[in-house]
Amino acid sequence: MISSVKHAPTSFTSVDFLPKKRTIPRPEFSPLPIIKNVHNGFKVQSFASQKPLHVASVENFGISRGAEKSVTECKAYEADRSRPLDINTELPDEEARLETAKRIKIGIYFATWWALNVVFNIYNKKVLNAFPFPWLTSTLSLAAGSLIMLISWVTRVADAPKTDFEFWKTLFPVAVAHTIGHVAATVSMSKVAVSFTHIIKSGEPAFSVLVSGFLLGEAFPMPVYLSLLPIIGGCALSAVTELNFNMTGFMGAMISNLAFVFRNIFSKKGMKGNSVSGMNYYACLSMFSLLILTPFAIAVEGPQLWAAGWQKAVAQIGPNFVWWVVAQSVFYHLYNQVSYMSLDQISPLTFSIGNTMKRISVIVSSIIIFHTPIRPINALGAAIAILGTFLYSQAKQ
């Protein structure tokens, strides 16, 4: 309550009628309006209030004995009748701003992810056309990513992960599956068109459901099983109508699907209770896969074949070939790194939808850039398979 007291000239000190130990509160000022409340006759009880009492000013405060009949004008307001302070918090606007910023961030992640993946597939196909050694190409991709992350840790651009033996133990099966899937996909793209490889790879959800059902005993809702029909049908239609069909390329894409399903299963088990970020997790995965892949690449292809193939490619393409190799290696790591970073920001459902849209962008861009001949029935099969992948992601949520 804010109050100001006007009194007669006669005065006496409040000490004469208030308790000795009681003191007058220190004046406080308030910008709030004053509600006039006039009382005739001054009584001690008029100062009592069950609500906070705020005194705006006290000047010549004094009351004399025998002045009970004097008129006192009291201007006051009680705390529950006060007007709120004019503070512009704008909480709704702040929440909307944060939500908008989050959507923009996710959009940037997706756009970067798709763009890097498209660039990788283009340069990877160029390298494989001139230098048909998928085992070495896969090894160089992992080596580039491992080197990038080691430099970032040493220079402290990124914080190095804190790992132990248990972490690397659980990472081993993930690295094995990742290595097989990576090499198989590269072998596929060395034999067939990029668009055909990604059409077959869009059938990965079917492998996921089959493996999870038969090996893990996991059951899914009926819409999930129904969504597999267009996926399988679309992939089959695209395969039988592919103009440049190659069994090695087809089997490479199928093996890649199966391997990546196991990688995802092992990753979920290994990531439980793990504090390593998505970016560092993929960096460790690349290094482990590099150690596994290198001896097999040497055994399957070997330095002699690499040297001869390299000289031939440089003679045909020129210095640009070296740039192609560097670009496909670096962009492979970058697009995978961004995809793992996006997993820290979005839900698995959103990630699945983004992965579906990524395949569409890769298929369309590769057809345009490489002038890949495609029949209408083949395009229809691709569309059906991709639609089934989208329905699968919706049914599994």
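How many helices and how many strands are there in the chain? There are 12 helices and 5 strands, where helices (H or I, at least four residues) and strands (E, at least two) are DSSP runs numbered from the N terminus.

## Ground rules

This is a predicted model, in which local features need pLDDT of at least 70 and side-chain atom pairs count only at pLDDT 80 or more, while totals for chains, interfaces and linings use all residues. Residues are numbered from 1 along each chain as its sequence is written, and side-chain values use heavy atoms, with hydrogens and water left out.

## The chain as a whole

Of the chain's 397 residues, 43% count as buried. Here buried means under 20% relative accessible area, exposed means over 50%, and partly exposed is in between (1.4 Å probe, protein chains only). The chain exposes about 22,400 Å², and carbon and sulfur atoms supply 65% of that area. Accessible areas come from the Shrake-Rupley method with a 1.4 Å probe; for residues, only the protein chains shown count as cover.

Now to the contacts, meaning heavy atoms within 4.5 Å. Among contacts in the chain with a separation of 6 or more, 90% are between residues 24 or more positions apart.

Let's start with helix 3, which covers residues 165-191. Its 27 residues reach 39 Å from first C-alpha to last, close to the 39 Å expected at 1.5 Å a residue. The expected span is 1.5 Å times one less than the number of residues in the helix. Helix 3 also bends by about 35° at Phe172, and a proline, Pro173, follows within four residues. The bend at a residue is the angle between axes fitted to the seven residues ending there and the seven starting there.

Helix 8 (residues 278-300) has 23 residues, which should span 33 Å at 1.5 Å a residue; its end C-alpha atoms are 32 Å apart, which agrees. Helix 8 bends by about 30° at Leu293, and Pro295 is the proline that follows within four residues. Just after helix 8 comes Gly302, with a positive phi of about 90°.

Which residue in the loop between helix 2 (134-154) and helix 3 is worth a look? That loop holds Arg156, which has a positive phi of about 65° although it is not a glycine. Arg156 has a relative accessible area of 72%, so it counts as exposed.

His371 is found in the loop between helix 11 (348-370) and helix 12 (376-395). Its phi is near 50°, a positive value in a residue other than glycine. With a relative accessible area of 67%, His371 is exposed.

## Two salt bridges

The structure holds 2 salt bridges, each defined as a side-chain nitrogen of Lys or Arg within 4 Å of a carboxyl oxygen of Asp or Glu. One joins the side chains of Glu94 and Arg97 at 2.7 Å, N to O. Both residues lie in helix 1 (residues 91-130), 3 residues apart, about one turn of the helix. An α-helix has 3.6 residues a turn, so residues three or four places apart point the same way. Glu94 counts as partly exposed at 34% relative accessibility, and Arg97 is partly exposed with a relative accessible area of 48%.

Arg359 and Glu204 also meet in a salt bridge, at 4.0 Å from N to O. Arg359 lies in helix 11 and Glu204 in helix 5 (residues 204-214), so the pair ties together parts that are 155 residues apart in sequence. Both Arg359 and Glu204 are buried.

Glu242 sits in the loop between helix 6 (222-240) and helix 7 (247-271). Glu242 is buried yet has no salt bridge, and the nearest side chain of opposite charge, Arg375, is 8.6 Å away. For charge, Lys and Arg count as positive and Asp and Glu as negative; His and the chain ends are not counted. Leaving aside neighbours within four places in sequence, Glu242 is in contact with Phe196 and Asn378.

Ser195, in helix 4 (residues 194-201), counts as buried at 6% relative accessibility. Leaving aside neighbours within four places in sequence, Ser195 is in contact with Ile363, Ser366, Ile367 and Thr372. Phe351, in helix 11, is buried with a relative accessible area of 19%. The C-alpha atoms of Phe351 and Ser393 are separated by 9.2 Å, and the two residues are 42 residues apart along the chain.
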